[in-house]
Amino acid sequence: MIYKNIKNFPEDFLWGASTSAYQVEGAWNEDGKGLSVIDMLDHPEGTSDFKVASDHYHRYKEDVRLFSELGLKAYRFSIAWSRIIPNGVGEVNKKGIEFYSNLIDELNKYNIEPIVTMYHFDLPYELERKGGWSNREVIDDFVEYAKVLFDNFGHKVKYWLTINEQNTMILHPGAIGVPKGGKLPSKKELYQQNHHMLLAQAKVMDLCHKMCPNGKIGPALNITSMYGETCNPNDAIAAHNWETLRGWSFLDLAIYGRYNKLFWSYLEDRNLEPTVLEGDMEVMKLGNPDFVAMNYYSTVTIAESRGDASDVSARAGDQQIMLGEPGVYRAAENPYVSKTKYGWVVDPVGLRMTLRKVTERYNLPILITENGYGDNDILEENDTINDDDRIEFIKQHLEQLKLAICDGVEVIGYCPWSAIDVVSTHQGYGKRYGFIYVNRGEFDLMDLRRIKKKSFYWYQNIIKNNGNNI
């Protein structure tokens, strides 16, 4: 649809940026922090671990000051469960409470809205040793952890995100990694974990509404549109299969408190359905999220399944993520989109399409909590980083975001990945996303100096003009 008049971004739009605890903080074993599953991972050869990361734990005041100079209206970050409760359950670590309280106060001092992710892949290792999310007891452990967060920070945090990219953890567990000596769970175990996560999430959302009357809370999923490779109806069915199984099924449970019928049929047919105890579905309906948080990077093009092992292939540029499932769908190429040097599809129009679909299905406000461009940024003379490709990527997506607003989508904020360089889960420091460069190598920590990239000044100008110069 071509509009005669293009709407502006809302005056109170949350221009922000994002990070996660394990990818930015460092201080992995300081001040009483317990081990997480991330601390215990076997890292891909040639990539750094997360022990120092960007050293945000020691430099948060400097970083927040830079965020303010950038003009951020919001900062989406995660709290490390094992920094708050080292063993996942039991004694609370006062030093952990102090760190996040100080960080939130610093953000509020600069009028930057804190957006808190409660769980971003980093389950306390002691809980993993007890069975992790396969153990139903973790539901109550997560609720007790949430109580600590709401008690200590609920009066000064308005926006809460429950679980980051639950669908990625369930569908692509190898993408996040396996603790040393561990093994990937079976698909049936994964869908049981999914059920437990959803119950925990529903309870925590209900608890937030009770303990934080001024707070708002929502799920944070990786959501994307799927295209059929051709106009063959069987390609359309395959695309709908995967769009539902990887996206809508998770959101339907989080928002409506019910299993999507296509999803449940798929689970039953393959003997993957979780054990659902009496009362579970009543608990599931307690959630009632206030908004949808959405991570969007790219779309996927889908072809009809051939029903054999040839349906499965590694995603270009990321060997940890396998696409395709015999009898369900197979990945295909899209000649109408471009790709990054890492093989990720670049599809700004897909963002608009995805936003429209989320609005059509759920009619809730949407907060974009990730969207970004990874590159091996080069530090040139005079502390210059010319990340023009990142600027172009974000510019194109903001153009489509503006059109989505014209379509009637209620978008309350945009928090691209990432505010500052973080350790990439798969590519370490060889793949950077930030507006702020961190001067370190893969293993050589150098001086960890903060340097503003070209995109820093560009995004600063976008925020200053509330996106009206897009």
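Analyst: We take a pocket, then one aspartate. This is a predicted model: local features need pLDDT of at least 70, side-chain atom pairs count only at pLDDT 80 or more, and totals for chains, interfaces and linings use all residues. Residues are numbered from 1 along each chain as its sequence is written, and side-chain values use heavy atoms, leaving out hydrogens and water.

User: How much space lies in the second largest pocket?

Analyst: Rolling a probe the size of a water molecule over the atoms shows where empty space is left. On a 1 Å grid over the protein atoms alone, a pocket is an open set of points where a 1.4 Å probe fits, with protein on both sides within 12 Å along at least five of seven lines. Points are joined across faces, edges and corners, and the volume is the space filled by probe spheres set on them. Here that is about 540 Å³.

User: Which residues are closest to its centre?

Analyst: Lining residues have an atom within 4 Å of a point. There are 25, and Glu128, Pro179, Lys183, Pro185 and Gln193 are the closest to the centre.

User: Is Asp387 buried or exposed?

Analyst: Buried means under 20% relative accessible area, exposed over 50%, partly exposed in between (1.4 Å probe, protein chains only). Asp387 is buried, at 5%.

User: What does Asp387 touch?

Analyst: Contact means heavy atoms within 4.5 Å. Not counting residues up to four places away in sequence, Asp387 touches Asp377, Gly434, Lys453, Lys454 and Ser455. The backbone nitrogen of Lys454 lies 3.4 Å from a polar atom of the Asp387 side chain.

Key. Polar contact = N/O pair within 3.5 Å; in protein donor to acceptor, adjacent residues only side chain to side chain.
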